[in-house]
Amino acid sequence: MELWDSVLSEVQGSNWLQFKELVFAFVLSSLIGLEREIKLKSAGLRTHALVGMGAALIMLVSKWGFSDVPQAYDPSRVAAQIVSGIGFIGGGLIFVRKDIVHGLTTAATIWVTAGVGMACGGGLYLLALCATASHFIVAIGYTRIMHKMFGVTNRMIVRYNIDSKDAATRILGLCAANGFAIRTFSMKTEYADPKVASMMVRVVGSKSVEILSEAINKIPDVISVKVNVTKEDD
């Protein structure tokens, strides 16, 4: 009975406050993760929820886990390891494919989620709420503003006759003539058919990319044009 009474007293005391801080971190981190999950990112709801809750847990352990240690200790030393440790997760989300960096925004979101968890663990609820709200402003609001200002990024894969001398030049020229900025482009010979070359072009513009693809399709040596819309939100 004495053990049960001590457990109840702990739950009704400071431990109940710590439980609320952990739950608060879990809820805010889940909201951030839900936004990433909807956008089909590599780190989604589960990753962000665990990162935020884990950061809050480590923060709480740093604050209260060594209260029975007789000698003086620095509670910030344990919490400081979250900052360095979260870099390993963030680094694993960033990768380069065809000279294009992916995952930077998701890695930054993981970093923010850890900060939100630390704020909740430290009892800084208002700060955690502001950080969560700022994430949604950046992830949703800034994305819409960027699309309106600079247009949506489109990726086109153009297949054309490799013997053509000016097909590639005419394709890039049509992109510029139709008001599209060329971000990157690459060309390669198809393994299945060595007589066919494939060009991948990433263009940004506010005009209709369908009109551009129709114009490219009219080039005599062009075989096909495939368009994919890619949102620049990694």
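1. Helices (H or I, at least four residues) and strands (E, at least two) are taken here as DSSP runs, numbered from the N terminus. Under that convention the protein chain has eight helices and six strands. Their order along the sequence is α-α-α-α-β-β-α-α-β-α-β-β-α-β.

2. On provenance: this is a predicted model, in which local features need pLDDT of at least 70 and side-chain atom pairs count only at pLDDT 80 or more, while totals for chains, interfaces and linings use all residues. Residues are numbered from 1 along each chain as its sequence is written, and side-chain values use heavy atoms, with hydrogens and water left out.

3. Chain totals. Buried means under 20% relative accessible area, exposed means over 50%, and partly exposed lies in between (1.4 Å probe, protein chains only). By this scale 33% of the 234 residues of the protein chain count as buried. The protein chain exposes about 14,200 Å², of which carbon and sulfur atoms supply 64%; accessible areas come from the Shrake-Rupley method with a 1.4 Å probe, and for residues only the protein chains shown count as cover. Contact means heavy atoms within 4.5 Å. Among contacts in the protein chain with a separation of 6 or more, 70% come from residues 24 or more positions apart.

4. The pairing of H3 and H5. Two packed helices are described by the angle between their axes and the distance between the axes. Helix H3 (residues 45-64) and helix H5 (residues 104-121) pack at about 35°, with axes 7 Å apart. Axes are lines fitted to C-alpha atoms, for helices over the stretch in contact, and angles run from 0 to 180 degrees between N-to-C directions. The crossing of H3 and H5 is right-handed, a term that applies if the near helix is turned clockwise from the far one by less than a right angle, left-handed being the anticlockwise case.

5. Residues at that crossing. H3 contributes Thr47, His48, Val51, Gly52, Ala55, Ala56, Met59, Leu60 and Lys63, and H5 contributes Thr106, Thr109, Ile110, Thr113, Ala114, Gly117, Met118 and Gly121. By class, the contact of H3 with H5 has eight nonpolar, eight polar and one charged residues. Ala, Val, Leu, Ile, Met, Phe, Trp, Tyr, Cys and Pro count as nonpolar, Asp, Glu, Lys and Arg as charged, and the others, Gly among them, as polar. An α-helix has 3.6 residues a turn, so residues three or four places apart point the same way.

6. Burial and length of the two helices. The buried residues of H3 are His48, Ala49, Val51, Gly52, Ala55, Ala56, Met59, Leu60 and Ser62. Those of H5 include Thr106, Thr109, Ile110, Thr113 and Ala114, and also Val116, Ala119 and Cys120. The expected span of a helix is 1.5 Å times one less than its number of residues. For the 20 residues of H3 this should be 28 Å, and the end C-alpha atoms of H3 are 28 Å apart, which agrees. H5, with 18 residues, reaches 26 Å from its first C-alpha to its last, close to the 26 Å expected. Just after H5, Gly123 takes a positive phi of about 80°.

7. Ile110 lies in helix H5 and is buried, with a relative accessible area of 0%. Ile110 and His48 are 62 residues apart in sequence, yet their C-alpha atoms are 6.4 Å apart.

8. Ser30 belongs to helix H2 (residues 14-38). Ser30 counts as buried because its relative accessible area is 15%. Leaving out residues up to four places away in sequence, Ser30 touches Leu45 and Ala49.

9. Ala168 sits in helix H7 (residues 167-177) and is buried, at 17% relative accessibility. With residues up to four places away not counted, Ala168 touches Tyr160, Met187 and Met199. The C-alpha atoms of Ala168 and Ser198 are separated by 9.7 Å, at 30 residues along the chain.

10. Thr184 and Met200, 16 residues apart in sequence, are 8.1 Å apart between C-alpha atoms.
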